[in-house]
Amino acid sequence: MLLAAKQSDDSKRTTSWLEWVVFGVGAVLLIATLGLLIYETFIFEKTPPNITITLGEPDHRGGKYNVPVKAQNTGSATAAVVQIQVTAYFSGGAREDGQITFDFVPMHASRNGWVTFERPPSEADSLRARVLGYLVP
Amino acid sequence: MPSLSKPVITTLQQYGRGLAGGLLFSLPLLYTMEVWWAGSIIDPLHLLFFVVITFALLLAYNYYVGIRQNSSWWDECMDAVEEMGMGLLLSALILWLTSRVTSEMSHVQIASTIIIEAMPVAIGVAVGKVQLGASGSGEGGKKGHRPKSGDRHSGGHQNIGTGPENARDKDRAMGGQFVLALLGATIIASNVAPTEEIVVVGLETSAWKLIVLALMSLAISGTILYYSNFHGSDSIPKPDGWLDVAASIVSMYGAALLVSSFLLWFFHRFEDIPLYLMAAQTVVLAFPAALGAAAGRTLLQV
């Protein structure tokens, strides 16, 4: 049907069905792009970076105790050079620090890494993580 | 159906050239770290401007040098939409293959990264469709209204402005030259615009060296246009004396400065810095942009 309709103005220009398909896909993508950007510019609420840290189950590899660290940015701005400190507090007042730096934690995204300890963190009274600071690029 | 197969094959060949051009001209950007980061840093309003301006540039390119003869406004619009679509798809594919967009990223960030990379790809697709074709295949582009051809105005300046048609032709020719300069400048300058190097050079270079750089930009682009027998430079209208040469070179450097400052603004390089540093960075970027503008004017026309 589309082809039949095209036949009539073939004298002006030959548009193959393939071109119509590519044009259709292109039009949908372009409209979606513009729509998304307009939404982001005028409606989407901008919030500063907000980093939350989740620690996973420690494991023992290569003579070190490794704790998985997941940093999640729930804000709608990207944080750069995110420095995170994980501290294990042992009974008797001993403590051990681990540190990790993520180059980028983009908006609404997460990054994963590990911090390592000499002593088993499972023996610690508590294991605490906090964000030391970050840049807004 | 058999009558349809020829246009389909022709179309496929065009798209093949478009894909090749899109990759050829923009792969450096797809492989540049600053551009991946830009996806999560760049303001959506800047991105909106970027998309609209790229679309306008594609429309203008299709109007002046595009692949169709006797085309209408709608045809050029259709081509520009196709090129945008191919740019977006190609950019998404390469970014996915190189693991630059992953499921860890937010939807907004994935979309922004793809859109930023897609714009230069779309320009590459448009240029590739026209420029990479075999000459004499009947698809050489708009012979009827190419920007300005030597044979058209072989009569020299006494021909120009004698009638309304000539005046319109000259307007169109000048507009076409400017669009080609913008496009060439964009293709070359966008490859280095997002890098830190422009900022560093702008910061650390003294003012007198920047002036030499600017003069060199003017001299080299003038050489490309008029004195080096560059491929396609015979279709640049012959100048009427040194004033014409100077005006043409200055307008081309203007295009280079325009493109450079827009790209730097787009990549947030103009934020919280004094005017002098903005100018310094613009001059640094305008050097490759001016080369691109001059080369664009000679090489990009058909």
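Here is a short chat about the two chains of this predicted model.

Me: Before I dig in, what are the ground rules for numbering and confidence?
Reply: Residues are numbered from 1 along each chain as its sequence is written, and chains are lettered from A and ligands numbered from 1 in the order in which they are written. The model is predicted, so to speak of local features takes pLDDT of at least 70 and side-chain atom pairs count only at pLDDT 80 or more, while totals for chains, interfaces and linings use all residues.

Me: OK, what's in chain A?
Reply: Two helices and seven strands, where helices (H or I, at least four residues) and strands (E, at least two) are DSSP runs numbered from the N terminus. The order along the sequence is α-α-β-β-β-β-β-β-β.

Me: And how much of chain A is buried?
Reply: 23% of its 137 residues. Buried is 20 or more other C-beta atoms within 10 Å of the residue's own, with C-beta atoms placed from the backbone.

Me: Which strands make the open sheet?
Reply: Three strands of chain A, in the order 5-4-7, with antiparallel pairing; a pair needs at least two DSSP bridges between the strands. Strand 5 (95-105) and strand 7 (126-135) are at the edges with a single partner strand each, so each has one side without a neighbour in the sheet. Neighbouring strands are turned by 20 degrees on average, direction ignored.

Me: How many bridges join strand 4 to strand 5 there?
Reply: 10 bridges, with strand 4 being residues 79-89 of chain A. As one example, Q85(A) has Q99(A) in strand 5 as its bridge partner.

Me: Switching to chain B: how do helix 3 and helix 5 sit?
Reply: Their axes come within 10 Å and cross at roughly 5 degrees, with axes being lines fitted to C-alpha atoms over the stretch in contact and angles running from 0 to 180 degrees between N-to-C directions. That makes helix 3 of chain B roughly parallel to helix 5 of chain B, the word for angles under 35 degrees.

Me: What classes of residue are in that contact?
Reply: 14 nonpolar, three polar and no charged. Nonpolar is Ala, Val, Leu, Ile, Met, Phe, Trp, Tyr, Cys and Pro; charged is Asp, Glu, Lys and Arg; the others, Gly among them, are polar.

Me: Last one, how many residues does each chain put into the A–B contact?
Reply: 29 from chain B and 27 from chain A, counting residues whose C-beta atoms, placed from the backbone, lie within 7 Å. On the chain B side, helix 4 gives the largest share, eight residues.

Terms used. Two residues are in contact if their C-beta atoms, placed from the backbone, lie within 7 Å. A residue is buried if 20 or more other C-beta atoms lie within 10 Å of its own, exposed if 12 or fewer, and partly exposed in between; C-beta atoms are placed from the backbone. Angles under 35 degrees count as roughly parallel, over 145 as roughly antiparallel, 65 to 115 as roughly perpendicular and the rest as oblique.
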